[in-house]
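Work through each task with the structure at hand before reading its solution.

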Amino acid sequence: MFNERQIKQLKALAEPTRAQIVEVLRGKELCACHILDHFSISQPTLSHHMKILTDCGLIKIRKEGIWNHYELQLDQFHALSDSLKFEVEDRKSTRLNSSH
């Protein structure tokens with residue numbers, strides 16, 4: 001069963017722009033201006049997406065002067081991945097057991 005935070009994370013990742021932001025951040029830390037270079041969206045729109053991703057724990061912020069630097073919270077992605085695997089495996093075993 002997914003917890004409330006994981007449900008928020010899945011909802012956040014279901015939005016295409018946020019999923020693409022995660023891809024851009026894979027393996028690196030970037031400031032908002034460099035993330036924005038990858039998209040045709042305004043800075044306020046990017047801020048909205050980043051707030052959703054940080055609020056659900058998928059991204060962490062490091063402030064440096066006036067700049068915000070963003071990085072993936074890998075432990076959260078690992079936990080979410082583990083829960084997804086568990087859900088799939090649990091459903092498989094339930095289906096197998098009920099067919100007998």
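Helices (H or I, at least four residues) and strands (E, at least two) are DSSP runs, numbered from the N terminus. The model is predicted, with local features requiring pLDDT of at least 70, side-chain atom pairs counting only at pLDDT 80 or more, and totals for chains, interfaces and linings using all residues. Residues are numbered from 1 along each chain as its sequence is written, and side-chain values use heavy atoms, with hydrogens and water left out.

**Exercise 1.** Determine the backbone feature just after α4.

Solution. Just after α4, Gly-57 adopts a positive phi of about 90°.

**Exercise 2.** Decide which residues of α4 are buried (under 20% relative accessible area; exposed is over 50%, partly exposed in between; 1.4 Å probe, protein chains only), and where they lie.

Solution. Leu-46, His-49, Met-50, Leu-53 and Thr-54 are the buried residues of α4. They cover an arc of only 130° around the axis (taken from the directions from the helix axis to the C-beta atoms), which puts them on the same side of α4. On the other side of α4, Pro-44 and Asp-55 are exposed.

**Exercise 3.** Find what Ile-35 contacts (heavy atoms within 4.5 Å).

Solution. Once neighbours within four places in sequence are left aside, Ile-35 is in contact with Ile-21, Leu-25, Leu-30, Leu-46, Met-50 and Tyr-70.

Technical notes
Contact means heavy atoms within 4.5 Å.
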